[in-house]
Amino acid sequence: WADAYTDTVGRLLAGLDVPRRGLIGPWSHAYPHIAEPGPAIDFIGEAVRWWDHWLKGRDNGAMDGPMLRAWLQDSTAPAARQPSVPGHWVSEPVWPPREDRDRHWHLADSRLTAEPAESVTAICSPQDTGLASGAWCGYGLGDGPADQRIDDAKSAAFATAPLGAAVAVLGTPVVTLDIAANHLTGTIAVRLLDIAPDGASTRVSYGLLALSHRDSHSDPCPMQPGLRTRVTLRLNDIGWRFLPGHRIAVAVSTAYWPTAWPAPAPLTLQIYGTSRLAVPIRTGRPEDDVLLPFAPPPPIGTLPHQRRRTPDRGRTVTIDFAGGLTKLIARKDRGAIHLDGIDLDVDASGEERFVIDPADPLSARVETHWDCAMARGDWTMSSTSDVVMTADAAQFHIEARLVVREGDAVVSNRHWSVAIPRDGI
């Protein structure tokens, strides 16, 4: 659920007509026996059992049990790093479920209500909305979404009253927005949130939509400014249980930096009270209580090595009130180690810088820099890469340089400069 590809398993189960089983855990973009957040499982054992059945013809029970097993996460406090998350395993005999499980709320007057309303909510988000989003594809290294209140304040937010009973969601939340826009295009970000009794805001799921691509990516169609239009966003699949006392919330923003590149001009939306959130509700079933637990991961050794430099990873935001710029710096220093068995030194460090003026979408700028090196004895090689991305109203502009050295000699020095049409984005 903490990976960027949360929809893949569900879509494969729904779209394939071959024998299939699905497994979705709380993990980030890493293998389930080592990934954070946990709990970790013996993923290697699961994989070997699967391939032994299908490649070696072994009758080992690999296809026994439900079509889908998923970790249903409980409400948890927001944190960029989550070593483990509370919850429990649930199962589904088929996916998608045959019965309609959707429960609906309408987005009206800052509330999620059972009935639509003749209300209108206007929002024009600052261009630096989205700073609490975390990395688009997190590795569980402090790069997950943080407390969302910094972004909620720059969004149109709608929330239920505190829940009297737990509400479990498993599947794809869908938001249908009844809107009017003031420009031909723009980007909408919708976040599903869990608001704790103390006000802490945890991102449960989110979705993005470029308005000109609302019906087709191959044939973009501009919006008609001022015309009331209905658009639909499928949020990322999720398994989540909102606990009693918490509130379910939806936040709509017209920017989500740096996950989404800003549109050429600030977008103002009118959101009508006929807009709707649909979430797939899951009720418990007796089978959940008798699921055999996954085996814990066995101890995994590491290659003998010496640490030359400690990794330094993190995300820092600075706001220059005088200069008007917001900067997000992602440190990705992997450190340096010596691998004893092959007498090899390995060193890699990088940094990503995301810069934007909250009032000017065309100010957006991304810079990445990486230094990588290896050495053995008197042999050394190193590479340095730099990439810069900017945009004007018509094109994205990317410049990149790669320099590779063996010892002190430059063996490759390449430079690219590319302009890409915005295609209605």
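Reader: How much space lies in the largest cavity?

Author: Let's begin with the general idea: rolling a probe the size of a water molecule over the atoms shows where empty space is left. Keep in mind that this model is predicted. Here, the largest cavity holds about 590 Å³ of space. It has 40 lining residues, and those closest to its centre are Trp1, Ala2, Gly144, Pro145 and Arg203.

Reader: Which strand gives the most to the lining of the largest cavity?

Author: That is S11, with five residues. Strand S11 covers 201-210, and strand S13, at 238-242, also supplies at least two residues of this lining. By class, the lining of the largest cavity splits into 20 nonpolar, 14 polar and six charged residues.

Reader: Let's move on to pockets. What is the volume of the largest pocket?

Author: A pocket is open, whereas a probe in a cavity cannot get out. The largest pocket in this model has a volume of about 1,200 Å³. Of its 39 lining residues, Arg21, Gly22, Leu23, Ile24 and Phe43 are the closest to its centre.

Reader: Which elements each supply at least two residues of that lining?

Author: You will find helix H1 (8-15), strand S1 (22-24), helix H2 (43-56) and strand S2 (68-74) there. The largest share, six residues, comes from H2. Sorted by class, the lining of the largest pocket has 24 nonpolar, eight polar and seven charged residues.

Reader: What residues lie nearest the centre of the second largest pocket?

Author: They are Ala135, Cys137, Arg315, Lys332 and Glu352, out of 24 lining residues. The space in this second largest pocket is about 650 Å³. Two or more lining residues come from each of strand S18 (312-320), strand S19 (325-333), strand S21 (344-357) and strand S22 (360-376). The classes here are 13 nonpolar, four polar and seven charged.

Reader: Now for single residues. Is Asp152 buried or exposed?

Author: The idea is to compare the relative accessible area with a cut-off: buried means under 20%. Asp152 has a value of 14%, so Asp152 is buried. This residue belongs to helix H3, which spans residues 149-152. Beyond four places in sequence, Asp152 touches Arg191, Leu193, Ile195, Ser201 and Ala251.

Reader: Why is Arg401 called partly exposed?

Author: Partly exposed covers the range between the 20% limit for buried and the 50% limit for exposed. Arg401 is placed there because its relative accessible area is 39%. Arg401 sits in strand S24 (residues 395-406).

Reader: Which residues is Arg401 in contact with, leaving aside neighbours within four places in sequence?

Author: The contacts are Thr384, Ser385, Asp386, Asn413, Arg414, His415 and Trp416. With Asn413, there is a polar contact between the two side chains, at 3.1 Å. His415 is 14 residues from Arg401 along the chain, yet their C-alpha atoms are separated by 4.4 Å.

Note on methods. Residues numbered from 1 in each chain as written. Predicted model: local features only at pLDDT ≥ 70, side-chain atom pairs only at ≥ 80, totals over all residues. Heavy atoms only, no water. Helix = DSSP H or I, 4+ residues; strand = E, 2+ residues; numbered from the N terminus. Buried < 20%, exposed > 50% of the residue type's maximum accessible area, 1.4 Å probe, protein only. Contact = heavy atoms within 4.5 Å. 1 Å grid on protein atoms, 1.4 Å probe; cavity = no way out; pocket = protein on both sides within 12 Å on 5 of 7 lines; lining within 4 Å. Points joined across faces, edges and corners; volume = space filled by probe spheres on them. Nonpolar A, V, L, I, M, F, W, Y, C, P; charged D, E, K, R; others polar. Polar contact = N/O pair within 3.5 Å; in protein donor to acceptor, adjacent residues only side chain to side chain.
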